[in-house]
Amino acid sequence: MARTPRNTLSADLIVRTALELMEARGADAFSLRGVAAELGVGPMALYTYFRNKDELYDAVRDHLMSLLPAVPADVPWPDQVRSVCRSLRRLMLQHPCLAQLLAGRPLSGHETARVAEGLLGVLRSAGFGPETAARTHTTLFTYVLGSTSWEIQMAAERRDPEAWRRLRASMESLSAREFPSVVELAPELARTTGGDDQFDYGLELLLDGLQLRTPS
């Protein structure tokens, strides 16, 4: 690996390199030593910019979260909520490591706070009280994170012929007597493991319930 030219190392270059490694190997396999090796510098050179691995994690997550568009204005609040949730899901599907970073350190980072501020602002402007707005934000965030993480994992298994074979064999081995509903609905369950329609189905269920609580 060629060394980074003298005086060109920067926080931005380190973050972009770290992201490339996470995209290629997953956030779990990421290390400061690996980033330094990719840049052709000693590990200590990175500590000028980031004191530890968590700080670099936060910087990569902030970089990705900064790509989210602003909450659209001049549309009804349910459409604003839909936009925020769909945009976050799309970003996680484009950059699967983001799901791991958000799950591992969900409350850290300036850009994560910016996204939270946008969604909370929508809910407060719609007339929801502090506790309802906070609970709704947490519910929506965990729905997007959980459903998209599940979708990413299932997509990875589909790309792995052996993992997909094991999953199918496990499902086909279930006893119809012991698990009648699971066996009967196996095709439907397989079709609802991801995709836009499934995500929107869950999101609309949440919004339907939320709109029943709309302040009069």
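This is a predicted model: local features need pLDDT of at least 70, side-chain atom pairs count only at pLDDT 80 or more; totals for chains, interfaces and linings use all residues.
Next I looked up aromatic pairs, of which the structure holds two. In one of them, Trp77 and Phe128 have ring centres 5.3 Å apart and planes at 85°, and since planes over 60 degrees apart count as edge-to-face, I noted this pair as edge-to-face. I placed Trp77 in helix α5 (residues 77–94) and Phe128 in the loop between α7 (110–125) and α8 (130–159), so the pair ties together parts that are 51 residues apart in sequence. Both Trp77 and Phe128 are buried.

I then turned to Tyr143 and Phe199, an aromatic pair that is stacked, with 5.3 Å from centre to centre and 25° between the planes. Tyr143 belongs to helix α8 and Phe199 to helix α12 (residues 196–211), so here the parts tied together are 56 residues apart in sequence. I found both Tyr143 and Phe199 to be buried.

Last, I searched for pockets, and the largest pocket has a volume of about 390 Å³. Of the 15 residues that line the largest pocket, I listed Leu167, Arg168, Met171, Ala186 and Ala190 as the closest to its centre. Which elements give two or more residues to this lining? I noted α8, α9 (161–172) and α11 (186–191), and of the elements α9 gives the most, with five residues. Sorted by class, the lining has eleven nonpolar, one polar and three charged residues.

How values were computed:
Residues are numbered from 1 along each chain as its sequence is written. Side-chain values use heavy atoms; hydrogens and water are left out. Rings of Phe, Tyr and Trp (its six-membered ring) pair if their centres lie within 6.5 Å; planes under 30 degrees apart count as stacked, over 60 as edge-to-face and the rest as tilted. Helices (H or I, at least four residues) and strands (E, at least two) are DSSP runs, numbered from the N terminus. Buried means under 20% relative accessible area, exposed over 50%, partly exposed in between (1.4 Å probe, protein chains only). On a 1 Å grid over the protein atoms alone, a cavity is a set of points where a 1.4 Å probe fits but cannot get out, and a pocket is an open set with protein on both sides within 12 Å along at least five of seven lines; lining residues have an atom within 4 Å of a point. Grid points are joined across faces, edges and corners, and a volume is the space filled by probe spheres set on the points. Ala, Val, Leu, Ile, Met, Phe, Trp, Tyr, Cys and Pro count as nonpolar, Asp, Glu, Lys and Arg as charged, and the others, Gly among them, as polar.
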